[in-house]
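Keep the model open while reading.

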Amino acid sequence: MADHPAQHSNCPDCGVAPGELHSDGCDTAHCPDTGAQRLMCDHDGACESRWSGDFAGAAECRAWGWWLTEQPGLGLVPCPPGTEGAIEDYNRLITHARWDADEQRYVRTDAANPKTA
């Protein structure tokens with residue numbers, strides 16, 4: 001089954017344990033205000049975020065069944081949960097959800113969940 005559990009391990013880039021602040025320059029760290037990669041945010045890397053043990057947005061993709069799989073000649077295409085080799089669909093995440101800084105997670109903005117629009 002392709003559904004990936006949360007990692008709950010050390011950050012794959014800077015090595016901090018879950019609950020610890022990411023190191024400066026960490027590629028995995030996200031901005032707590034925008035949810036974007038911290039290295040690309042407008043805070044010039046000055047914002048601090050803690051490693052949760054999972055990538056920002058991964059849990060939401062899994063909960064909402066948003067997956068991608070590689071198809072020869074087509075590239076990455078949406079697929080159902082449980083598809084062999086599937087990965088979380090972060091493209092759909094950024095187009096059908098928004099980062100909620102208060103909740104520190106993504107919330108859906110699409111018609112399937114109008115309460116979060």
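## Cysteines

The structure holds 0 disulfides. This is a predicted model. Cys61 is buried, with a relative accessible area of 0%. Cys79 counts as buried too, because its relative accessibility of 12% is under the 20% cut-off.

## Salt bridges around Arg62

The salt bridges in the structure number 3. Asp54, Arg62 and Glu88 are linked in a network of such contacts. On one side, the side chain of Arg62 meets that of Asp54, at 2.2 Å from N to O. On the other, Arg62 forms a salt bridge with Glu88, with 3.0 Å between the closest N and O atoms. Arg62 lies in helix α1 (residues 58-64) and Glu88 in strand β3 (residues 87-88), so this pair ties together parts that are 26 residues apart in sequence.

How accessible are the members of this network? Arg62 has a relative accessible area of 18%, which is under 20%, so Arg62 counts as buried. Asp54 is buried, with a relative accessible area of 9%. Glu88, at 12% relative accessibility, also counts as buried.

## The Arg108 and Asp110 pair

Another salt bridge joins the side chains of Arg108 and Asp110, at 2.9 Å from N to O. Both residues, Arg108 and Asp110, are buried. Arg108 is in strand β5, which spans residues 105-108.

## The β4 and β5 hairpin

Strand β4 covers residues 97-100. It pairs with strand β5 in the antiparallel sense, over 4 bridges. The two strands form a hairpin, with 4 residues between them. In the turn, Gln104 has a positive phi of about 55°. Trp99 has Tyr106 in β5 as its bridge partner.

## Aromatic pairs

A pair of aromatic rings is described by the distance of the centres and the angle of the planes. The count of aromatic pairs comes to 3. One of them is Trp64 with Trp66: the centres are 4.9 Å apart and the planes make an angle of 55°, a tilted pair. Trp66 is buried, at 1% relative accessibility.

What is the geometry of the rings of Trp99 and Tyr106? Their centres are 5.1 Å apart and their planes lie at 75°, so the pair is edge-to-face. The cut-off for that class is over 60 degrees. Trp99 and Tyr106 are both buried.

How values were computed
Residues numbered from 1 in each chain as written. Predicted model: local features only at pLDDT ≥ 70, side-chain atom pairs only at ≥ 80, totals over all residues. Heavy atoms only, no water. Pairing = 2+ DSSP bridges. Phe/Tyr/Trp six-rings, centres within 6.5 Å; stacked < 30°, edge-to-face > 60°. Buried < 20%, exposed > 50% of the residue type's maximum accessible area, 1.4 Å probe, protein only. Disulfide = S-S within 2.5 Å. Salt bridge = Lys/Arg side-chain N within 4 Å of Asp/Glu carboxyl O.
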